[in-house]
Amino acid sequence: MIGAGYVGAVTAACLADQGHHVSLVELPGPRLDAFQAGRIPFFEPGLDDLFRSSIAARRVHVTSDLEAAVARSSAVLVCVGTPLSSDGEADLAQIESACRALSVADPSTVLVATWLARPSLKDVVSNPEFLAQGTAIRDFRRPSRIVIGTEDGQASPASALVDDLYAGVDAPRIITDFATAEMIKNVSNGFLATKLSFINEVADLCEAYDADIEAVVQGIGLDPRIGASYLRPGIGFGGSCLPKELANLVRLGRTRGLAMPATANDERGTVAADRIEQILGPVEGLRIAFLGLSFKPNTDDTRYSPALSLATELVGRGATLLAHDPAVSFGATESIPGLGRAASVAEAVVDADLVVLATEWDHYRALDWSAIGSSVRSRVLFDGRNVLDARALRRAGWLVLRIGASQATVGREAVDSVLETELV
Ligand code: UDX
């Protein structure tokens, strides 16, 4: 396994757990040091234990010696990052350097041909992963499908070998050509992104027409042709995959002259901040306790996090933010000017004029909101993920703003009284 990033490390630990022997190869640096010291340098539920037991069973070996690792392996998985470059293209530099290193390690490999002469790629397969952060181990063990792309779209000894790697995993197999395998991966994420942008726009409609988004989601989700998943409205989608793959689909289309507008998600931070101001008035000068910074719960990843977009938007409008997150390190947000950090929710909410829930960690659902109510200056809450029990909160004296909820459910009188007595 070349690359001990998030996907490489999870896949290595899961393959080892299935009985394979895995060399996990990483360049010298802090990440390699962490793994070699038995520490996982990022947050993924269950990975620590799985990794430790695989190391103890001597089925995973972490190394920077690519040559030795390749020499003792029957399959090499290149699992390195493909971040978006500034011009919106996937930056393939890490794949290229991994392939170059491979060709040095084993001159017979044809992988490097992808980058050089492109003769036959018969020993190469493309095996897109569909792991979601926070549930990656379960997603590996119970995937909805395993996709294997080959040069001519037919099964080959190489595809059979990859199939064997997943012998213990019960899932339909799709064997197809490279372009289609890649398209399946891109379109899966593009479709999830489309569902989310669609439901977030429906939430705007519900706000405008006093309809109930939760009931709308329930009502459409019961239609099996639509399905209920990926329809939770919120402050936008983020992470390292959905935004990137949507951008990639747009780029692929434009390269061939197809107009593919897909910018709805970029606006969600602005829409959410507008919504808050529409109800509460300008946020300038307000003290905001901001709960959640990761792009979703159960990860410390903040790449393309909608929470950070909203936080940046609110800071830009002159609010003072004190943010808490159970897993995101203070260092990860130090480059965002004006975003203060608190070590606990209790610290974040002291004297707050507004509490914003931006990422739906279980930790926040379990909070004692009555106790928090006595610590804030105003009991005003924007639930950017619609996960808290708004009725119970209202009973506890909170003014609750939700995604897709009409102003009527907030209660105009409640808003007026908060504005008059507390914010003004
Ligand atoms: C995604 C795909 O799910 C996975 O199959 C692929 O391999 C990688 O990309 P991930 O990036 O970990 O996984 O995140 P995901 O759980 O899909 O969530 C993406 C974003 O959408 C998050 O910001 C999340 O909060 C948001 N989301 C998700 C919603 O706002 N509402 C939903 O109903 C679901």
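How far from an oxygen atom of the ligand does a backbone N or O atom of Phe-130 lie? The distance is 3.1 Å. Keep in mind that this is a predicted model.

I'll stay with the ligand for a moment. At Gln-133, a polar backbone atom sits 2.7 Å from an oxygen atom of the ligand. Lys-185 takes part through its side chain, with a polar atom there lying 3.5 Å from a ligand oxygen. As for exposure, the ligand on its own would show 680 Å², and the protein buries 94% of that.

Now the shell as a whole. There are 19 residues around the ligand, and those that come nearest are Gln-133, Tyr-230, Arg-232, Phe-295 and Lys-296. In composition, the shell has eleven nonpolar residues, five charged and three polar. Which helix gives the most to it? That is H8, residues 178-209, with four residues.

Next, salt bridges. Searching the whole structure turns up 20 of them. One to look at on the screen is the pair Arg-402 and Glu-214, whose side chains meet at 3.1 Å, N to O. Arg-402 belongs to strand E10, residues 399-402, and Glu-214 to helix H9, residues 213-221. The two are 188 residues apart, and the pair links distant parts of the chain.

Last, confidence. The protein chain has a mean pLDDT of 89, and 91% of its residues reach 70 or more. Where does pLDDT stay under 50? That happens over residues 107-118. For that stretch the model has 22 contacts beyond four places in sequence.

Note on methods. Residues numbered from 1 in each chain as written. Predicted model: local features only at pLDDT ≥ 70, side-chain atom pairs only at ≥ 80, totals over all residues. Heavy atoms only, no water. Near = heavy atom within 4 Å. Polar contact = N/O pair within 3.5 Å; in protein donor to acceptor, adjacent residues only side chain to side chain. Areas by Shrake-Rupley, 256 points an atom, 1.4 Å probe, with all protein chains shown as cover. Nonpolar A, V, L, I, M, F, W, Y, C, P; charged D, E, K, R; others polar. pLDDT = per-residue confidence, 0-100. Contact = heavy atoms within 4.5 Å. Salt bridge = Lys/Arg side-chain N within 4 Å of Asp/Glu carboxyl O.
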